[in-house]
Amino acid sequence: MKVYNTLTRQKEELVPITPGEIKMYACGPTVYNFIHIGNARPICVFDVLRRYLEYRGYKVTFVQNFTDIDDKLIKKANEEGVTVAEVAARYIKEYQIDAEGLGVRPATVHPKATENVDEIIRIVKELEDKGYAYAVNGDVYFRTRKDEGYGKLSHQPLEDLESGARIDVSDQKEDPLDFVLWKAAKPGEPAWQSPWGMGRPGWHIECTAMIQKYLGETIDIHCGGQDLIFPHHENEIAQAECCTGHDYVHYWMHNGYINVDNRKMSKSLGNFFTTREVAEKFGYEPIKFMMLQAHYRSPINYSLEVIEQCKAALARLHTCRDNLDFALKSAADAPAEGDGALTAALEGRREQFIAAMDDDLNTADGIAALFDLARDINTALASPRGKGYLTAAAALFDELTGVLGLLYNRGGQSIDAEIEALIEQRQAARAAKNWAEADRIRDELKARGVVLEDTPQGIKWSIQK
């Protein structure tokens, strides 16, 4: 498998540190509100990366954190008159609802920043002892210019990096580019005892500490949104490598932005949507599909038209899989004519899918392979098929959708005895060639949300939503 490494700006063969194992970290949400659709993209994409690596036989240890101490959490807690811990607990729970709705598996470990303050203090103290950090009035800053490699991830020379863009500006810094590792306590804020007095961690040091604790000093893959490259991930590299003297991460993977109606998503423009808001209108699965139908490094445009298209595309996949189940109910054990060639052709679709995903997690082409498989199956189902082909086709369909984390809401439709009786009456009318009565019953069922389809395998019903 090849992945695009932001550090080298090229696709590279994925070679794990330990053969057969992958240590992987993704920056998780800051839990002060519901996740928005921009937050949902890395959550969905890197869940699929993990699934695909496991599919290819790797043992994956996947860590995704919760940032549960931050200026935004403190502001939210003060506005509501509750503790920061209460805000964090509430929105961790809301995140878990959204993640489950999106069909995203829990990480191996979901550490919280507040659970790792001792590890954070240890690293900050080590950086101070080595001369990479300095304390001023209870704050501790990292000496950016002392790190000769600073800027290697964002590919910007130090002199071009501007102070101010997501960097705390402070008169007490030795240099405007220095960033905070530890913040002195302010009245009413959560704080922990440290060598520099009561205080709390800076943002960047939290991820470095959790990676070192749960994955080690050097990991295989670090994931996140493109907006995190600078300063967050740049600063992670600086503090981690200056602390340990080792490479921090071998492969950096970053997903692209999401625009709304071709404009950058922002609250000021009134085009800011939480994942929950979109899911209440369209369901979660179309959101997941939208995240995967484009390459993860490409920008995505969210619009009502796009999400409706995703919903319709998913419906075609669900229908294909339901048709397989229906055909299996009445399939003969003996193979039908052409089943052998059809079964052999399935392997080609698997290889097509793997080739796409091996090329820098190209989920767009992976989904294209899935639709090619669905087209093959739909064509095959124009005639009765034997159980052997149908079982193999269903297994491959489930295999590929499982890797993508799609079609996880299958099944569950049922009809009551009255509807079943009407379907039987229509079948009797058709057998008696009473076409007018058969059409009347069909129209009545349709009015009640039950759509009938006459197939080579028999009558098939579905419930219209």
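1. Four strands make up an open sheet, ordered 4-3-9-10, and their pairing is parallel. Strands here are DSSP runs of E with at least two residues, helices are runs of H or I with at least four, and both are numbered from the N terminus. Two strands count as paired if DSSP finds at least two bridges between them. Strand 4 (59–64) and strand 10 (249–255) are the edge strands, each pairing on one side only. On average, neighbouring strands of this sheet are turned by 20 degrees against each other, direction ignored.

2. Basis of the model. This is a predicted model, in which local features need pLDDT of at least 70 and side-chain atom pairs count only at pLDDT 80 or more, while totals for chains, interfaces and linings use all residues. Residues are numbered from 1 along each chain as its sequence is written, and side-chain values use heavy atoms, with hydrogens and water left out.

3. Strands 9 and 10. Strand 9 (residues 219–225) runs parallel to strand 10, and six bridges join them. Cysteine 223 has methionine 253 in strand 10 as its bridge partner.

4. Helix 1 lies across strand 3, strand 4, strand 9 and strand 10. Helix 1 runs at about 135 degrees to strand 10. Axes are lines fitted to C-alpha atoms, for helices over the stretch in contact, and angles between N-to-C directions run from 0 to 180 degrees.

5. Three strands form an open sheet with the order 12-11-13 and mixed pairing. Strand 12 (263–264) and strand 13 (300–302) each have a single partner strand, so one side of each is left without a neighbour in the sheet. Strand 11 (residues 258–260) pairs with strand 12 in the antiparallel sense over two bridges. Valine 260 has arginine 263 in strand 12 as its bridge partner. Helix 1 packs on this sheet too, touching strand 11 and strand 13, and its direction makes about 150 degrees with that of strand 11.

6. Cores. Which residues touch the most other members of the largest nonpolar core? They are Met24, Leu49 and Ile221, in a core of 107 residues. Helix 1 (residues 37–55) gives the largest share of this core, ten residues. Apart from it lies another core of 24 residues, among them Val117, Leu127, Ala133 and Leu181. A nonpolar core is a set of buried Ala, Val, Leu, Ile, Met, Phe, Trp, Tyr and Cys residues joined through side-chain atoms within 4.5 Å. Buried means under 20% relative accessible area, exposed over 50%, partly exposed in between (1.4 Å probe, protein chains only).

7. Contact means heavy atoms within 4.5 Å.

8. Lysine 23. Lysine 23 is found in strand 3 (residues 21–26). Is lysine 23 buried or partly exposed? Its relative accessibility is 32%, so lysine 23 counts as partly exposed. The side chain of lysine 23 reaches the backbone oxygen of leucine 215 at 3.1 Å. That is a polar contact: a pair of N or O atoms within 3.5 Å, where within protein one must be able to donate a hydrogen and the other to accept it, and residues adjacent in sequence count only if both atoms are side-chain atoms. Beyond neighbours within four places in sequence, lysine 23 is in contact with Thr61, Leu215, Ile219, Asp220 and Ile221. Lysine 23 and threonine 218 lie 195 residues apart in sequence, yet 8.8 Å apart in space, C-alpha to C-alpha.

9. Arginine 426. Arginine 426 sits in helix 13 (residues 417–431). Arginine 426 counts as buried because its relative accessibility is 2%. Its side chain reaches the backbone oxygen of alanine 438 at 3.5 Å. Outside four places in sequence, the contacts of arginine 426 include Ile441, Arg442, Leu452 and Asp454.

10. Serine 194. The loop between strand 7 (179–184) and strand 8 (199–201) holds serine 194. Serine 194 is buried, at a relative accessible area of 8%. The side chains of serine 194 and tryptophan 182 make a polar contact (3.3 Å).

11. The chain overall. There are 14 helices and 15 strands. Of the 465 residues, 52% count as buried. The C-alpha trace spans about 95 × 50 × 35 Å along its principal axes. Among contacts between residues at least 6 apart in sequence, 77% join residues at least 24 apart.
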